[in-house]
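Opening my notebook on this one.

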Amino acid sequence: MIKLFLLTTIFFCTTSPPAWINNLDSAKEQAKKEHKLILLNFSGSDWCIPCIRLRQEIFEADAFTKYADDHLILVNADFPRKKKNQLSKEQQKSNDEVAEKYNPQGSFPFTLLLDSNGNKIKVWDGFYKDGVDNFIYDIKATCEIIK
């Protein structure tokens, strides 16, 4: 019984989706250590319907989470509107600073592929309507170009 519990625990711990972080500086450090690219997503998690769809249909899809786990550091700069979802002042300030640099026009959803130094490699403005497999292919194709 204990062996079954341990095997189940190991399986679920190793197959959990990659975590989204909310600090770009930490993401850069992690990307350098792990030799990965950064996917930065600007969202309005509680009001932006295309943002919610992007999260559900692309970012939460098994194919994307498997790919991202091996190749990407995921960063979310969220701009919720509902009072119950408000960010801390420090997090809001951090998101505002990241937005000033990478999303000054305030588009939602807005997604960027960055290198470990924070340089823009590719930008997706709006909801990605071509599906998760094509989104992954788009990232892979971009990586081949920059090699």
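**Entry 1: helix H3**

Which residues of H3 are buried? I get Cys51, Ile52, Leu54, Ile58 and Phe59, with buried meaning under 20% relative accessible area, exposed over 50% and partly exposed in between (1.4 Å probe, protein chains only). Before going on, I note that this is a predicted model, where local features need pLDDT of at least 70, side-chain atom pairs count only at pLDDT 80 or more, and totals for chains, interfaces and linings use all residues. I also note that residues are numbered from 1 along each chain as its sequence is written, and that side-chain values use heavy atoms, with hydrogens and water left out.

I then looked up what covers the buried residues of H3, and the cover includes strand E1 (20-21), E2, H4, E4 and H6. Contact here is heavy atoms within 4.5 Å. Helices (H or I, at least four residues) and strands (E, at least two) are DSSP runs, numbered from the N terminus.

**Entry 2: the whole chain**

I find six helices and five strands, in the order α-β-α-β-α-α-β-α-β-β-α from the N terminus on. Of the 147 residues, 40% are buried. Among contacts with a separation of 6 or more, 68% are between residues 24 or more positions apart.

**Entry 3: helix H6**

I checked the length of H6 (residues 132-146) first. The expected span is 1.5 Å times one less than the number of residues, so the 15 residues should span 21 Å, and the end C-alpha atoms are 22 Å apart, which agrees.

Its buried residues are Val132, Phe135, Ile136, Asp138, Ile139, Thr142 and Cys143. Down the axis of H6 they fall within an arc of 155°, so they line one face of the helix; the arc is that of the directions from the helix axis to the C-beta atoms. Residues three or four places apart point the same way because an α-helix has 3.6 residues a turn. On the face turned away from the buried side I find the exposed residues Asp133, Tyr137, Glu144 and Ile145. The cover over the buried residues of H6 includes E2, H3, helix H4 (62-71), E3, strand E4 (110-114) and strand E5 (120-125).

**Entry 4: Ala27**

Ala27 sits in helix H2 (residues 24-34) and counts as buried at 0% relative accessibility. Leaving aside neighbours within four places in sequence, I see Ala27 in contact with Ile21, Ile38, Ile73 and Val75. Leu39 is twelve residues from Ala27 in sequence, and their C-alpha atoms are 9.4 Å apart.

**Entry 5: pocket and cavity**

On a 1 Å grid over the protein atoms alone, a cavity is a set of points where a 1.4 Å probe fits but cannot get out; a pocket is an open set with protein on both sides within 12 Å along at least five of seven lines, and lining residues have an atom within 4 Å of a point. A volume is the space filled by probe spheres set on the points, which are joined across faces, edges and corners.

The largest pocket holds about 260 Å³. I count 15 lining residues, with Trp20, Arg55, Phe59, Glu60 and Asn76 nearest the centre. H3 gives the most to this lining, five residues.

There is one cavity of 30 Å³ or more, and the largest cavity holds about 40 Å³. E3 and helix H5 (89-102) are the elements giving two or more residues to its lining. Among the residues lining this cavity I noted Asn22, Leu40, Val75 and Ser94.
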